[in-house]
Number of protein chains: 2
Amino acid sequence: MTFKLTSPLDMHLHLREGEMLKTVAPLSARTFAGGVIMPNLVLPVDNENRLREYETAVRQACSPHQFEPYMTLFFKNYSAKFLEKIRDRIIGIKLYPAGITTHSEGGVDSLQQAQPTFAAMQELQIPLLVHGETDGFVLDRERDFLSNYAWLAKSFPRLKIIMEHITTAAAVDFLQLYENIYATVTVHHLLITLDDVAGGMLRPHLFCKPIAKRPQDREALLDAALQAHPKLMLGSDSAPHPVHRKESSCCAAGIFTAPIALQLLLVLFEKYGKLDYLQDFVSDNAQWIYDITAPKKEVRFEKKNFSVPEKYGDIVPMFAGEELAWHLVEP
Amino acid sequence: MTFKLTSPLDMHLHLREGEMLKTVAPLSARTFAGGVIMPNLVLPVDNENRLREYETAVRQACSPHQFEPYMTLFFKNYSAKFLEKIRDRIIGIKLYPAGITTHSEGGVDSLQQAQPTFAAMQELQIPLLVHGETDGFVLDRERDFLSNYAWLAKSFPRLKIIMEHITTAAAVDFLQLYENIYATVTVHHLLITLDDVAGGMLRPHLFCKPIAKRPQDREALLDAALQAHPKLMLGSDSAPHPVHRKESSCCAAGIFTAPIALQLLLVLFEKYGKLDYLQDFVSDNAQWIYDITAPKKEVRFEKKNFSVPEKYGDIVPMFAGEELAWHLVEP
């Protein structure tokens, strides 16, 4: 049994820089037709030079695979003039509330003060991608941030707003409230809850931000994904760290799923008899939401056991050493 | 400035076996006058030989410090005859629901089936010490277990029941409901919440069972401890693991606080102006609850900076490398 996906897209992807970029970029590029590349590098992608330089590095690292990197800028207060100049080079601008996740120390303190930038983005039709968490109690951060999404959606009704990596039933419900609100969801948040991270032994390779939530939250996310909710798209948030930063006294947040994301989704959508909806979830929804046309790329998978490697380079993937029932057919 | 404590007791302590026992036992014995020794060893303490053998090993490891090990048995269905024979050698019997924490695989599946043992314990005045968690969602386990405590308290109104290492405001409130319900609380649950464990980086050395909860829970525990709530006593649940079992892909549960537990409490009780209540919390309440007389031992602390060692043997303590404002005056 084989299964074909056309132009799968990863709408939330961390590729890092340097050697890490060279290790991980091909692992996304061999299966995905494109991806939204996050800008939260140590030196954030927040000006034209940095953007050009990073895009070049990403394209080089993905080569010779066919892969379109949809570049983003790190949100700060940009002038309308700059945004007009840069708009054709980016798919959106990613906003991090200050200090919320990896390399977000330079993020936004006040949404109010960013109004002119939001207004310019709305006029120029540049989507706003948001890491939507407050600095409150870890399990409440996403839910507590929803009021900010409401303010954004009402204040800028023609601004496309993407709630990135949603993790709660509340966020799924929120999708219905405003026409201009969309979301990405990761593979791992369809699979795990806080019980998997900290309910038995503590599992640093399942630790990410936003942290996995309650079983009811996972069910709501899974329901929405399995029916290919039209305002929801895959964004793996695959976030590699070298093993010494994950297995230590102080473990970095991020789950590395890029090389197995589609295989995991095949297992999941097949389990629930929803394989017919997978194409929409991993590609068509994203093309409609962002109004883009992905490069044409067909990827085939075979129903055949696949052992997830213990490591890719120095990175431990999710489900390291375990068997998956679907296997990528190399072209 | 110095502060004296008389006969501090650690009413919930893991001392392990072998080399680990030799490393950690003196670290408790030099400051505490006694402690309740948990029986969940790889081979549980659940018969007379094992109990005698373990008590001897503990006493040897504590020597030459003056330290009374209050021994416990691992709960299983024991005959009244056996319990009558053993009762003077133990302070209580520790019940673990099956599979809930370290080496609890042989724990209890059904409280109902254990009724004859509870009845015999009640008659013989042997306290029941309980790890009160269900196998539900990790943050709900203690609250969901409260109905079991209610059943126990009502069914065996003369059985002394200790809710071990409580972590929630709900458990603090529950203390008021039944005369025969008491509790221990750890030092770390007075200090940390889930935000400290997983709200920033992931901190395996702050990972324990039951896991730290919400800020409101910590506040309720702290309020009760600072007023030396008469049904509450210190039980550090100090639980050493070698560093390779804490910093790995699969980290063991347990926080090692024994050598610094009293120093941390001094800092905390001083901060809130409640030093007058510390003696009750760390000793007198326990003696009243268990109706025991602790060996007389005076321990002095000095207000002087103390650097917590990075390791004790192969064990990383809580607050490794950090400064505490109180220092043990060696006798």
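Q: What joins β2(A) to strand β3 (residues 34-37) of chain A, and how do the two run?
A: In this predicted model, three bridges join β2(A) to β3(A), and the strands run parallel. Two strands pair if there are at least two bridges between them, so three bridges make β2(A) and β3(A) a pair. Within this pair, Leu13(A) stands opposite Ile37(A) of β3(A).

Q: What makes strand β2 (residues 9-13) of chain A mostly covered?
A: Five of the five residues of β2(A) are buried. A residue is buried if 20 or more other C-beta atoms lie within 10 Å of its own.

Q: How do you know whether Arg16(A) is buried or exposed?
A: Around Arg16(A) there are 22 other C-beta atoms within 10 Å. The cut-off is 20 or more, so Arg16(A) is buried. Arg16(A) belongs to the loop between β2 and α1 (18-29) of chain A. The phi of Arg16(A) is near 60°, which is positive although the residue is not glycine. Most residues other than glycine have a negative phi.

Q: What is the peptide bond from Ser63(A) to Pro64(A), cis or trans?
A: Its omega is near 5°, and the bond is cis. Pro64(A) lies in the loop between α2 (48-62) and β4 (68-74) of chain A. The peptide bond from Lys209(A) to Pro210(A) is also cis, with omega near -5°. Pro210(A) is placed in the loop between α8 (194-198) and α9 (215-226) of chain A.

Q: Why is chain A called as compact as a globular protein of its length?
A: Chain A has 12 helices and 11 strands. Its radius of gyration is 18 Å, close to the 20 Å that the globule rule gives for 331 residues, so chain A is as compact as a globular protein of that length. Buried residues make up 52% of the 331 residues in chain A.

Q: What makes β1 (2-6) and β11 (323-329) of chain B edge strands?
A: The open sheet has three strands in the order β1-β10-β11 (chain B), paired antiparallel. β1(B) and β11(B) each have a single partner strand, so one side of each is left without a neighbour in the sheet. Neighbouring strands here are turned by 40° against each other on average, direction ignored. Helix α11 (residues 261-271) of chain B packs on this sheet and touches β1, β10 and β11 of chain B. Six bridges join β10 (residues 298-307) of chain B to β11(B). Phe301(B) has Leu328(B) in β11(B) as its bridge partner.

Q: How do you know in what way the two copies are related?
A: A rotation of 180° with 0.0 Å of shift along its axis superposes chain B on chain A, with an RMSD of 0.0 Å. The two copies are thus related as by a two-fold rotation axis. In chain B, the C-alpha nearest the axis belongs to Glu247(B), 2.6 Å from it.

How values were computed: Residues numbered from 1 in each chain as written. Chains lettered and ligands numbered in written order. Predicted model: local features only at pLDDT ≥ 70, side-chain atom pairs only at ≥ 80, totals over all residues. Least-squares fit on C-alpha atoms with pLDDT ≥ 70 in both. Helix = DSSP H or I, 4+ residues; strand = E, 2+ residues; numbered from the N terminus. Axes fitted to C-alpha atoms, helices over the stretch in contact; angles between N-to-C directions. Contact = placed C-beta atoms within 7 Å. Rg over C-alpha atoms; globule rule 2.2 N^0.38 Å. Buried ≥ 20, exposed ≤ 12 C-beta atoms within 10 Å, placed from the backbone.
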